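Here's a quick tour of some side-chain contacts and backbone details. Have the viewer open and follow along.

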Amino acid sequence: MLKTELADYGPVKGMMVIRPYGYAVWEAMQADMDRRIKETGHVNAYFPLLIPKSFLEKEKEHVEGFSPECAWVTIGGGTELEEPLAIRPTSEAMICSMYAKWVHSWRDLPVLINQWANVLRWEKVTRPFLRTTEFLWQEGHTLHATEAEAEEETLKMLNVYRSFSEEILAMPVVVGRKSESEKFAGALRTYSIEALMGDGKALQAGTSHNLGQHFATAYGIEFLDKNEERALPWSTSWGTSTRMIGGLIMTHGDDAGLILPPRVAPHQVVIVPIPPRKGDVNEVVLPRAREIAARLRSAGVRVHVDDRDTKQPGFKFADWEMRGVPLRLEIGPKDIEKEQCVLVRRDTRDKAFVPLAGLEAEVRSRLDGIQRDLLDRARTFVAANTTRAGSWDEFKQVMADKRGFIVAGWCGNAPCEARIKEETRATVRVIPIDGEARPGACVRCGEPSARDVYFAQAY
Ligand SMILES: [Zn+2]
């Protein structure tokens, strides 16, 4: 993470600096996610960073869940403030207070707003990208006239997250509902997408909450329905963050460094000019490399020419390999004679001589192939690391050895879930919402289980 220059540690513990290479990955992710959010009918807005203490306290469960992680502003302009202001850990309190001013009639619904912002949660244990005190995210906040519409919205966005994760990050996920103990503070139901990292631990990569009428009640949001009667709207919220970059690193990387899926790679192709044995790289090779770069760029490929004259080609190969660039293009005097170049894939290290004529199509098809193969490879990994545990002994054994997902029955009781966590550090990651229910017995206590759930140790 440090060597590839994705990020660096900031001066305050738990706060990271996202460097240009890492920020370019985030921008590619953000652009695609933003398109998906808008395509599903949402619009962007921006709400303030500071939330008055009294606003945060209106929803009881919400404030209990978040206050241990809150940072407070108590002095402004050298004067102690009458009321402390929280730096937003999430924006339900702020946004719902505004919705109470804006929503009066059924004609004002649904409200479908998303915000791109930073939030701050005072975490005790932090790790770059995975759990940082400040992080960047998008948070959607919607209001609906009926419970059915709110539930439909919650699941719609869960599905947007699932397809984004698989199509863009090549990161397969399991989806489902969270248990009561793992749900968002103040939510009726929380759903999440969970990815499996290379070390066998799960990563919650996005969440979508049906907030019921809790927030509408707490913040006094009311509307007149079609019968001119007072009613409470149903709300949802959903978010994904820079944590997904952590997921990306740990899903695809290997011992040589990063492997970036082409759709989020800042440079999809890096061109390394090979200097002639005698003579100057600037005479023939470099101009030709620049010409190829221009051609690829006009075909919509993100391409970079490594023209550093202080580094040898061998150094450049290793450097871009570590930074996870999907395709390396080598071109030297002999290649130019033969009107060809060399293409090397980062994921498989396959090397091929490719004619310069028609190079654009060849590069496109290879990038698509890498994107597809990374998802396939990650899916194979998840399948190989998902175990169906028939007994508690087997469960403990798997969690002690290879970890991964364990699919097993669960009674649905919180004390039983807590015991499982205590003994194995594994928690219920999701209760699946589709597929066969398979009723059975709880893997820990033997009580009836309505359906199998996914367990894992988690980041
Ligand atoms: Zn149980």
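R388 is partly exposed, at 45% relative accessibility, where "partly exposed" is the range between buried (under 20% relative accessible area) and exposed (over 50%), using a 1.4 Å probe and protein chains only. Its salt-bridge partner is D452, with N and O 2.5 Å apart; a salt bridge here means a side-chain nitrogen of Lys or Arg within 4 Å of a carboxyl oxygen of Asp or Glu. R388 belongs to strand β20 (residues 386-388) and D452 to strand β25 (residues 452-456), so the bridge ties together parts that are 64 residues apart in sequence. D452, at 15% relative accessibility, counts as buried. Helices (H or I, at least four residues) and strands (E, at least two) are DSSP runs, numbered from the N terminus.

Before going on, keep in mind that this is a predicted model: local features need pLDDT of at least 70, side-chain atom pairs count only at pLDDT 80 or more, and totals for chains, interfaces and linings use all residues. Residues are numbered from 1 along each chain as its sequence is written, and side-chain values use heavy atoms, with hydrogens and water left out.

How many salt bridges does the structure hold? The count is 35. As a general point, side chains of opposite charge can pair when their charged atoms come close.

| Pair | Closest N and O atoms |
|---|---|
| R189 and E147 | 3.7 Å |
| R19 and E5 | 4.0 Å |

Take R189 and E147, which form a salt bridge at 3.7 Å. R189 is in strand β10 (residues 189-196) and E147 in helix α5 (residues 147-167), so this pair ties together parts that are 42 residues apart in sequence. R189 is partly exposed at 24% relative accessibility, and E147 is partly exposed too, with a relative accessible area of 35%.

Then there's the salt bridge between R19 and E5, at 4.0 Å. This one links distant parts of the chain, 14 residues apart: R19 is in the loop between β2 (16-18) and α1 (20-39), while E5 is in the segment before β1 (7-9). R19 comes out as partly exposed, with a relative accessible area of 29%, and E5 is partly exposed at 32%.

**Rings with rings**

Now for the aromatics. Rings of Phe, Tyr and Trp (its six-membered ring) pair if their centres lie within 6.5 Å; planes under 30 degrees apart count as stacked, over 60 as edge-to-face and the rest as tilted. By this rule there are nine aromatic pairs. In one of them, F135 and W137 have ring centres 5.7 Å apart and planes at 90 degrees, so the pair is edge-to-face. Both F135 and W137 are buried.

F215 and Y219 make a stacked pair, 6.2 Å centre to centre with 5 degrees between the planes. Both sit in helix α6 (residues 214-219), four residues apart, about one turn of the helix. F215 is buried, with a relative accessible area of 0%, and Y219 is buried at 6% relative accessibility. Elsewhere, F47, Y99 and W102 form one aromatic cluster.

**Charges over rings**

A charge sits over a ring if NZ of Lys or CZ of Arg is within 6 Å of the ring centre and within 35 degrees of the ring normal. K58 does this over the face of F55, at 4.9 Å from the ring centre. The charged end of K201 sits over the ring of Y459, 4.9 Å from its centre.

Which peptide bond is cis, with omega near -5 degrees? That's the bond from L109 to P110. P110 lies in the loop between α4 (92-102) and β7 (111-120).

Then check phi at A170: near 55 degrees, a positive value in a residue other than glycine. A170 lies in the loop between α5 and β9 (174-177) and is buried, at 0% relative accessibility. R425 also has a positive phi, near 65 degrees. It's found in the loop between α13 (414-424) and β22 (427-430), and at 57% relative accessibility R425 counts as exposed.
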